[in-house]
Structure formats: C-alpha cells, structure tokens
Amino acid sequence: MTEDAAVEDVVDAVDEELLTIGAFAARSRLSAKALRLYDRLGLLAPAHVDEVTGYRYYRAGQVERARLVAMLRQLDMPLARIAGVVEAADADPDGETAAGLLAAYWADVERQVAGQRTLAAYLRGRLSGGSTEMYETFAVETVEVPAQVVITETRHTLADELPAWIGASLGRLEAAARECGGVTGAPFVVYHAEVSMESDGPAEACVPVADEAAARAWAERHGRAWQTAVRVEPACTLAYTRISKAQVAHPQIVAAFEAVERWVAGREGLAYDGPCREVYFADWDAAGPEDPVCDVAFPVR
C-alpha cells in the first residue's frame, strides 16, 4: 500500500466517526449559524474542516460541550463569559471552577434584576404621582463649607462602573493625602455631567488635603496614570440631604437628588452654584445598611 493510500484510509476511518454540521446541529440543538459563530469565537471548533469544500465536521463526543454552550446562552450569558466557563470545565474535571464562574455570573444577574425591580417600583410611584411622598422622606438642609485644597481624580465612567471606581479612587486619594499632611475634610465626588448607562460624566473624586505644595508634587508624579490634579475648591453653601448606606444604591439615590432639586426649586431667590456631588463622611466598610454615610448635595447661592 502506498503512503497516499494509507493516509486516505485513515481519513476515511476518521470521517466515519464525524458528523456533518447539519447532523451535529440537530443533535446539539444548535443552529448551523450558531455553530459557525462559536467556531469563529473559539467556543466550539469543529473536529475537522475539509480543505477543499470548507465543510465542517464534528465528533459525537462534542455534543455535550455544544449543549453546555446552548444552555449557558439561554441564561443570556455573554459569549466571553461562556468561554471562561467552558475553558474551566475542560481544565477541571470536578467542575468546581466552572460552577463557581456560573454562580458568580448568576449573582451579577440577580443584583441587576434587583436594581431594575427597585427602579421599576420607583418609576411606578413617580408616574402615578406617589413620588411626592418619597421626596418628603428626605430632610433637606443647608451648610456652609469653607474653601479647601483638594487632590482629585477624574474619569469618564458609566453607572455600572461607578461604585467600584468611587471606592478605588477615593482610596488612592486618601492614601496620597496622608503623604501630604493628612486628610482635612470629608471626601466627595463631583458630577460634572450626568452619569448613567448612556452618559459617562465625567465624575471627579476629591479628597481635601492639608499641604497644597506636597499635593501638587504628588500629582505631578502620579497625575498621568490616574488623571490626578490639585485645585482649590471655593467656599460654598450646600443644600443637602443625608442618606443611609442602603439609600446610596440606585435608584434610591436618584430620589434623594430629586428631593434636593425640588427643595431648591421651591425656595425663591435660590439658584444652583455648581455641579451636584456626593459627600462621604463615614467609614463605608464599617457602616450598616441603615447607617448614614453620605450627603447628596448641590452648591447654591
């Protein structure tokens, strides 16, 4: 037997173990279109592709993986996260890592749904006129804030990234302030434009600092990496309402901002004097859900 004939015999034997894309699609409950997409993304590569015709062939043993991908898609899991689960399942026969990735994804989904449920309830109250009662639960006052030197970090960010960025940026700035004479006031975040799922601000994290010269030197060394700067925040009057840790979550915090806006609008002669902000005066990690941690505020004149 010639070498070419031997190779052909091997290919024929392999082909007997393979399924056409149509047959495999039927067994795996995935469309041929989906199989081609998953091949391009590296989620489910065919066992053999004919070099002449381009036809894809799959092994029967790949059906289980294909069905796993299909079921994960039914959970609306993004393809990138599916790839992580599938790779973990291949690498860990016990499946603990893959199961952990799935659990983490589903926890994210439940958090999102909980937030949407709360937002829907808020909007129902707003549309039906019941939001007035919600606004009345927020007590609005004013406070005089002296001029202060602040070290800042600015970022364009969407709403889903905002909480993580606030915690990280204020942590970095507080560490910097301790090298520059210490923190001299409550950290705050200024919103120079709307931050939502469609608008990315920017937002500016600010920490009052004692030594302006030292802060400027620190910002000169680190400013490029974190868009850090130092400026003097002028003295101002803040109209604010104090909220708990639980109320910082969306959309409760939206109601707090709107309550302050309604209060300002109802005071003749009072006008806005700068962008809105959140002032964080308590230890976030140590606070319980009902503990006051934040003032939602607008500068006014």
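These legends describe a whole-chain view and several close-ups of one predicted model.

Residues are numbered from 1 along each chain as its sequence is written, and side-chain values use heavy atoms, with hydrogens and water left out. In this predicted model, local features need pLDDT of at least 70 and side-chain atom pairs count only at pLDDT 80 or more, while totals for chains, interfaces and linings use all residues.

Figure 1. Helices (H or I, at least four residues) and strands (E, at least two) are DSSP runs, numbered from the N terminus. The C-alpha trace spans about 95 × 55 × 35 Å along its principal axes. Of the 301 residues, 36% are buried. Buried means under 20% relative accessible area, exposed over 50%, and partly exposed in between (1.4 Å probe, protein chains only). The chain exposes about 17300 Å², and carbon and sulfur atoms supply 53% of this area. Accessible areas come from the Shrake-Rupley method with a 1.4 Å probe; for residues, only the protein chains shown count as cover.

**Figure 2. The largest nonpolar core holds 43 residues.** A nonpolar core is a set of buried Ala, Val, Leu, Ile, Met, Phe, Trp, Tyr and Cys residues joined through side-chain atoms within 4.5 Å. I166, V189, Y191 and I243 have the most contacts inside the largest core. Elements that each supply at least two residues to this core include β5 (148-155), α8 (162-178), β9 (236-244) and α10 (252-265). Helix α10 gives the most, with eight residues. Another core lies apart from this one; its 25 residues include L43, Y58, L72 and A88. I166 touches V189, Y191, E278 and Y280, leaving aside residues up to four places away in sequence. Contact means heavy atoms within 4.5 Å.

**Figure 3. R81 and D108 form a salt bridge between two helices.** A salt bridge is a side-chain nitrogen of Lys or Arg within 4 Å of a carboxyl oxygen of Asp or Glu. By this rule the count comes to 10. The R81 and D108 side chains meet at 3.2 Å, N to O. R81 sits in α5 and D108 in α6, 27 residues apart. R81 is partly exposed at 33% relative accessibility. D108 is also partly exposed, at 30%.

**Figure 4. E153 pairs with R172 in a salt bridge.** Their closest N and O atoms are 2.6 Å apart. The pair links strand β5, which holds E153, to helix α8, which holds R172, across 19 residues. E153 is buried, with a relative accessible area of 3%. R172 is partly exposed at 24%.

**Figure 5. E204 and R231 meet in a salt bridge.** The N to O distance is 3.0 Å. E204 lies in strand β7 and R231 in strand β8 (residues 228-233), so the pair ties together parts that are 27 residues apart in sequence. E204 is buried at 6% relative accessible area. R231 is partly exposed at 25%. Salt bridges that share partners join E204, R231, E233 and R277 into one network.

**Figure 6. Loops hold a cis peptide bond and two positive phi values.** Most residues other than glycine have a negative phi, and most peptide bonds are trans. The bond from G201 to P202 is cis, with omega near 20°. P202 lies in the loop between β6 and β7. R29 has a phi near 65° and is found between α2 (21-28) and α3 (32-40). D76 has a phi near 60° and is found between α4 (63-74) and α5 (79-91). R29 is exposed at 62% relative accessibility. D76 is exposed as well, at 62%.

**Figure 7. L75, L102 and W106 make a nonpolar surface patch.** Together they have about 230 Å² of accessible area. Patches are made of residues with over 30% relative accessible area and no salt bridge; like charges are joined within 9 Å, and nonpolar side chains (Val, Leu, Ile, Met, Phe, Trp, Tyr) within 5 Å. L102 lies in helix α6 (residues 96-127). L102 counts as partly exposed, at 31% relative accessibility.
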